[in-house]
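Here are my notes on the aromatic side chains in this one. Have the structure open while you read.

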Amino acid sequence: MDVFAGVAERMPIEASVDDIVVTNLVRNYSPHISPNTRTAPSTAELRKILIAEASEKLEYFLTKWRARWKAQGSSQAAGGSAKQLQTVDAVLEVVDTVLVKLYAVLEMTQELYNLLLEPHDIVLSEVEPFLRRNGQYNALCMLYRQKGDEAKLLHVWSKIIDGEWTDDDIPDPLSNMITLLAEKRDRALTQHWGLWLLKRDSERGLQLLMPKDSGKRRERPEDDLALLESIKEANPAAGLQYLEYLVLQRKSSSRPLHDLFASACIEQLSAALAQESVSKLWRAKAASYASNRTDTSFLAYFASTTPDSPHKRTRLKTILFLAGSGLYDAAAVRPLLLEHQKLLRLELAIVDGKLGHHREALSTLVHGLHDAASAEMYCTLGGDLVPLRTAQTLAENNEGLEMLAASLYGVKLRAGAVTRQKSVVDEGTKTELLKILLEVYMSDGEDNAHRAAHLINSQAKNLDVLDVVPIIPQDWPLNLMSSFLARSFRRTLHARHEGKIIKTISAGQNLEVKDRTWLILREEGAVVEEPLEPEDGVDPQSFDEKGTLGEKLALHLTGLPVVSHEDAHLEKVEWDNDEGAHDDLV
């Protein structure tokens, strides 16, 4: 810094106050103090006192100078030259920076905060080591926030959260970190510190990584998969929650994510079945349902009779996902179910339906689960096993299924209404599935004869008598299918009579058209084509009588003159206006 020449002559040659104190101690007490003035207790204590007094004096002087500058100097410098302003700025930087160092050393915390809250010219790189060394982390955070250095600010908070640093003026650094990251919406910064926080507080770490109002953004499956793997490494349980967030809340259409979620659900089912109490309970439920011969589906029976528990909710969640999602690879998921196929027959039937293995799915429902209600529903829904109404009921009565039902089935639990429109099932698909189900019933002999009869009579509209009769055993009593035959014959007779009516109406409409066009055709007369003599061995071009007649009729209707054909010799012949010609034309 430039100073006046007279001042420079009186400036001490030492570089710092500490050097001045040490020099004077040596001059005054060496060699009288042993072993030396630096290590002797008396001179060492005297040195601390002198340095502290010097710091206090310097702080007092700079504080007074700064206050006087704020009151007078700012208005005087406003009219100065550019060089003067530059000099003033440099002086202010020195004064403010030195004051921060002095406040930190002298533990004048409140004065330090007051300085930071006012407009200042502190050089951050100069004061960082002093603030860290003296434990003034809140002041350091204030400076980082003012300079917009979020990375260093988050670093300080992380040190305090881990317990490496302490500062009573930062009571809740974790909340400060979450608030800052939520405000900045910096994806890279949020992911970095969210993963760091997962190892310390999984719940709040997931809050950072799973924002509720993420807004509309372009889907990036690769980034989602990479972040998911990082979360799994940090906290496997949090990884499953994040996967559920991507699939159900964000409604990701990524097939790999749906594959992972399906596999995770089945893994949870396998873990639940590893408990002997759970496997016994589910086996007893299946046996009880098979013996009751009820019209209720197995899914409704299981949901209503099984006590609420985590493993029950896990199974219902798996069933709803497997039935509602069409994005996972059913061929890859099916082998995961085979380990417990005797207890997971419903899930196996759902996956077989996704693969188009309708006969296997219906056989599992009829012969394995003895669930005729679900088998007939399977045919009615075109291969689905969970209708919208069932999904809504499960979501209303079981905690944790609301988001899944809303995401995959479009169910909103408001006013008890299903908001998604039902998909239309192709009639051909429905008929084909009913035929397969009837064959499955028939393959079981007499055990399912009453079910087969009920199916035939209730689905007479969708079954053709020519397809049903060859399947039915010859010794079946006629009264078992009398309703089906009567309705089929009635429907066939109705279709025949309807066809006759349509044919008669069509004939009448054709006759009406002929009657309207007869007079027009009579006025135009007949067109006779006479072949031309061949020229140079080339046959004359053929003449399209129907096309020409249609052209003349159109021109007559539009009021335009008739244009004769260029390549034909035409002769117009007037028709006799007698009743016979009229009859021939009609």
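**Notes on the aromatic rings**

1. Start with the cluster: Trp282, Tyr289, Phe298, Tyr301 and Phe302 come together as one aromatic cluster. Rings of Phe, Tyr and Trp (its six-membered ring) pair if their centres lie within 6.5 Å; planes under 30 degrees apart count as stacked, over 60 as edge-to-face and the rest as tilted.

2. A word on the source. This is a predicted model, where local features need pLDDT of at least 70 and side-chain atom pairs count only at pLDDT 80 or more, while totals for chains, interfaces and linings use all residues. Residues are numbered from 1 along each chain as its sequence is written, and side-chain values use heavy atoms, with hydrogens and water left out.

3. How many aromatic pairs does the structure hold? There are 10 aromatic pairs. Trp65 and Trp69 make a stacked one, with 6.0 Å centre to centre and 0° between the planes. These two sit four residues apart in helix α3 (residues 41–77), so about one helical turn separates them. Helices here are DSSP runs (H or I, at least four residues), numbered from the N terminus.

4. Trp65 is partly exposed, at 22% relative accessible area, and Trp69 is buried, at 18%. Buried means under 20% relative accessible area, exposed over 50%, partly exposed in between (1.4 Å probe, protein chains only).

5. Now look at Tyr242 and Tyr245: their ring centres are 5.7 Å apart with planes at 35°, so this pair is tilted. Both tyrosines are buried.
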